Structure formats: C-alpha cells, structure tokens
Amino acid sequence: FGIGNLLQALISVSILFYFFKNEPNKCTFAKAKISKVVSLIKESWPMILGGFFVLIYINIDQVMIGDMLTSYDVGQYSAAVRISSILYFVPSVVASSVQTAVVNAKKQNEKLYYERLQLLFTIMAIIAYILIIPMAAFSNEIIELSFGNAYQMAGRVLALHVFASLFIFVGLVRSLWVTNESYFKFDFISNISAGLLNILLNLVLIPKFGIIGAAWATLISYAFTYLISGLFFNPAREIVKMQLKSIFLIDVWNQRKYLKTGNAK
C-alpha cells in the first residue's frame, strides 16, 4: 500500500508537469525557491498537522472497536464506514469547483463574499440531505446488496454514521473561509480537540453501546470539528450562524431566487 500510494503521487505530479509545461508561466524545478518553500511550510504547518489528526480520529474508532470488542464487530463497522465514506468526495469536488468564485468575491467586497459563502453552505446542505436521507432510509438494503446477509448489524451503523457527512459538507465550505482568512491555527486546534473528543467518546460509548456507540462518537466529533468548534473562536461565530441556517434550511427560498436571478438578497 505504501509503494502504491508513493507511485500514485509521483504519477500525479508527472502528469501535472506534462500538461503545464507549455503554459506561459510554466512550472520548472529551476524556478523553485527554497525561501518560498520554507515560507509556505511555516504558514501551512497547522493544516499539515491538523490533517494528520483528522486521519487519526477517522480511523481510531475501528482500532478501539478491535481492542474493546471483537474482530467481528470491526468487520461490521468497517462495512458501514466504507459505504458512508463514498459521500465524502462530493463536497470536495463542489468546494474545489467554486473556490475561485469565492476568492474573487472576497477581492471585490465583503458583502458579496459572505453572500456567496451562505449560498454555498445552503447548496452543500441540500446536496447532503439528498444523498443522506435515502442512504439512511435504505441502509439495511444497501448493506445487504453490498456485503450480504452476514453484515446485518452494519445497516444500523450506516443509518447513523452517514449523517456525519452533513457536517463534512458544510465543513468544507468553512475550510474555504479558513484558507481565505488564514485562520490555520484555529483549524489545527479544532482538529486536535475533535480527535481527543473522539477517543474519549469511544472509551465511554463503545463498552455501553458497541459499534453503535462508535458511530455516535464519530457523528458528535464531526459536529464538533466542523461546527461547534467555531463557537470558541470569535471570528468564526458568524460562520456558525451561516452553517446553522443552511443545516436547518433557513432562508432557502431567497437562496433559490438568487440562483435563478443572479441577484443576492
């Protein structure tokens, strides 16, 4: 797996160099500046370490289930996680595609910037509900079709675990705001806190509720990372309000008119 991931990264970089070699400002190793590399690393180290902690608490629940329960329970839980994780690429694609529009709006004026953020929050929440609700409603059927009758417990886990995706959808929009405002330390602290919270919740909930407890731990941790943590950082509180408006579908009608007419309310 390690060799495979390394080759994937090398191939991706090679393809990027190939397609950009004829650009006016083409990318070459000769243009690389060590001072700029060091500057970027100094600015982005919170994101690097924060991403590391995200990887830990995304996978730590399965490790703890194996330690406190059985390999059978790990298999049931892993089956549900594998299905729910399919949704995670959707917000990444949407956020990447509109990132330029958000950045350009910030360059124009703050009002337009926050209007576009609110619109994007709303769009993400709607897409999330469209994907999550059917998956939760037919979780047992999806698991049975994917893995067979032996994974019946995974259906209950999937019905709960999939709702964690809602916070990822609105959380990635917040990540655009974090990047634009350079609040990387806030993001770093949020991820560390969520990782510790996830471990604590697993220690409490897994012995009492089994793999359902682990699913609850994941849901609560994601809610803390991408939503609740903003309450402890003053500049992010306005973003929390925008997220809540999107999650509870408040002001959707005005957002709909904006999409139709192009005039923000």
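## The largest pocket

Let's start with an open space in the protein: the largest pocket holds about 340 Å³. Its lining is made of 16 residues, and those closest to the centre are Met-47, Leu-172, Ser-175, Asp-187 and Tyr-226. Keep in mind as you explore that this is a predicted model.

Which helices each supply at least two residues of the lining? They are helix 2 (34–68), helix 4 (89–108), helix 8 (164–181) and helix 9 (184–209). Helix 8 gives the largest share, with five residues. Sorted by class, the lining of this pocket has seven nonpolar, eight polar and one charged residues.

## The overall build

Now step back and look at the whole chain. How many helices and how many strands does the protein chain have? The count is twelve helices and zero strands. Read from the N terminus on, the elements therefore follow the pattern α-α-α-α-α-α-α-α-α-α-α-α, with helices defined as DSSP runs.

The C-alpha atoms fill a box of roughly 55 × 50 × 35 Å, taken along the principal axes. Of the 265 residues in the protein chain, 39% are buried.

Is Ile-3 buried or exposed? Ile-3 is exposed because its relative accessible area is 66%, and the cut-off for exposed is over 50%.

Tyr-114 belongs to helix 5 (residues 110–137). Its relative accessible area is 26%, so Tyr-114 counts as partly exposed. Between the C-alpha atoms of Tyr-114 and Ser-44 there are 24 Å, and these two residues lie 70 residues apart along the chain.

Ala-215 is part of helix 10 (residues 211–226). Why does Ala-215 count as buried? Ala-215 is buried because its relative accessible area is 0%, and buried means under 20%. Along the chain, Ala-215 and Phe-163 are 52 residues apart, while their C-alpha atoms are separated by 9.7 Å.

Notes:
Residues are numbered from 1 along each chain as its sequence is written. This is a predicted model: local features need pLDDT of at least 70, side-chain atom pairs count only at pLDDT 80 or more; totals for chains, interfaces and linings use all residues. Side-chain values use heavy atoms; hydrogens and water are left out. On a 1 Å grid over the protein atoms alone, a cavity is a set of points where a 1.4 Å probe fits but cannot get out, and a pocket is an open set with protein on both sides within 12 Å along at least five of seven lines; lining residues have an atom within 4 Å of a point. Grid points are joined across faces, edges and corners, and a volume is the space filled by probe spheres set on the points. Helices (H or I, at least four residues) and strands (E, at least two) are DSSP runs, numbered from the N terminus. Ala, Val, Leu, Ile, Met, Phe, Trp, Tyr, Cys and Pro count as nonpolar, Asp, Glu, Lys and Arg as charged, and the others, Gly among them, as polar. Buried means under 20% relative accessible area, exposed over 50%, partly exposed in between (1.4 Å probe, protein chains only).
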